[in-house]
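Hi there,

Here is the structure I promised to pass on. Please have a look at it first, and then read my notes below.

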Amino acid sequence: MRQRKIKDIENKLLDYSDLIVEDPKANKGCWRNLFPEREGKLYVEIGCGKGDFILSSAQQDPENCFVAIEGFSSVIYRAVSKVRKAQLGNVLFVLEFVYDISTWFQDGEVDGIFLNFSDPWPKKKNAKRRLTYRDRLEQYSKILSPHGFLRIKTDNDDFFDFTLEEIEISKNKTGFDTVYQTRDLHNSEWSRLSPRTEYETKFSEAGKNINFIELKKI
């Protein structure tokens, strides 16, 4: 979906510089040092959009630490604005697209990863760009702690089918085990586990099913 541009966005983001990590690679292995008042787990959302999910997650688990990644400045501006308004101290943002997350986080440093409504890159030639391509799954497994999780939500059925295939193909390298899987999240017992994103609410109200899977590193 095309994002609406915000005038003078770079200067506006300067007001939120304390919430945005400028050099994620420099914090590899020491992300928790950025949350000195928190002693909980470290979670990462890749593609945080306008921030509804990360905001709700951080409010529900104030003792834990959250890093939200988003490559579009006009989108992340809305997310940081929400977090600032809520006066949360357990969320930080990275304004970049991530291509190899293992260059940002140390092996075993992250306790959970969220992929919510990732770009499906529908053309076959772009399969390697999808965030659930086998190489990406291996990266996630590498940075996850023992028993850490990967949770994936999408409204795109083809993307979900692709994801399931990639999980199967890469399972010997990732060591992922499926905890729960459904093609109708909002009518399942897990519906309350995962806060909704802005897109999720829109899709659900239109009657679209939401696909969900949780994987655990074993």
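**The surface patch**

Phe72 sits in the loop that runs between strand S2 (65-69) and helix H3 (73-85); helices (H or I, at least four residues) and strands (E, at least two) are DSSP runs, numbered from the N terminus. Please keep in mind that this is a predicted model, where local features need pLDDT of at least 70, side-chain atom pairs count only at pLDDT 80 or more, and totals for chains, interfaces and linings use all residues. Residues are numbered from 1 along each chain as its sequence is written, and side-chain values use heavy atoms, with hydrogens and water left out.

Phe72 counts as partly exposed because its relative accessibility is 43% (buried means under 20% relative accessible area, exposed over 50%, partly exposed in between, with a 1.4 Å probe and protein chains only). Together with Phe97 and Tyr99, Phe72 makes a nonpolar surface patch of about 370 Å². Patches are made of residues with over 30% relative accessible area and no salt bridge, joining like charges within 9 Å and nonpolar side chains (Val, Leu, Ile, Met, Phe, Trp, Tyr) within 5 Å.

**Salt bridges**

How many salt bridges does the structure hold? There are 10, each being a side-chain nitrogen of Lys or Arg within 4 Å of a carboxyl oxygen of Asp or Glu.

One of them joins Glu214 to Arg151, with the closest N and O atoms 2.8 Å apart. Glu214 belongs to strand S7 (residues 211-217) and Arg151 to strand S5 (residues 144-154), so this pair ties together parts that are 63 residues apart in sequence. Are these two residues buried or exposed? Both Glu214 and Arg151 are buried.

Lys208 and Asp157 also meet through their side chains in a salt bridge (3.3 Å, N to O). Lys208 is in the loop between helix H6 (198-205) and S7, while Asp157 is in helix H5, so the pair links parts 51 residues apart in sequence. Lys208 is partly exposed, with a relative accessible area of 28%, and Asp157 counts as partly exposed at 30% relative accessibility.

Within helix H5, Glu168 and Lys171 lie three residues apart, about one turn of the helix, and their side chains form a salt bridge (2.8 Å, N to O). Glu168 counts as partly exposed at 47% relative accessibility, as does Lys171 at 38%.

Enjoy exploring!

Best wishes

Terms used. Accessible areas come from the Shrake-Rupley method with a 1.4 Å probe; for residues, only the protein chains shown count as cover.
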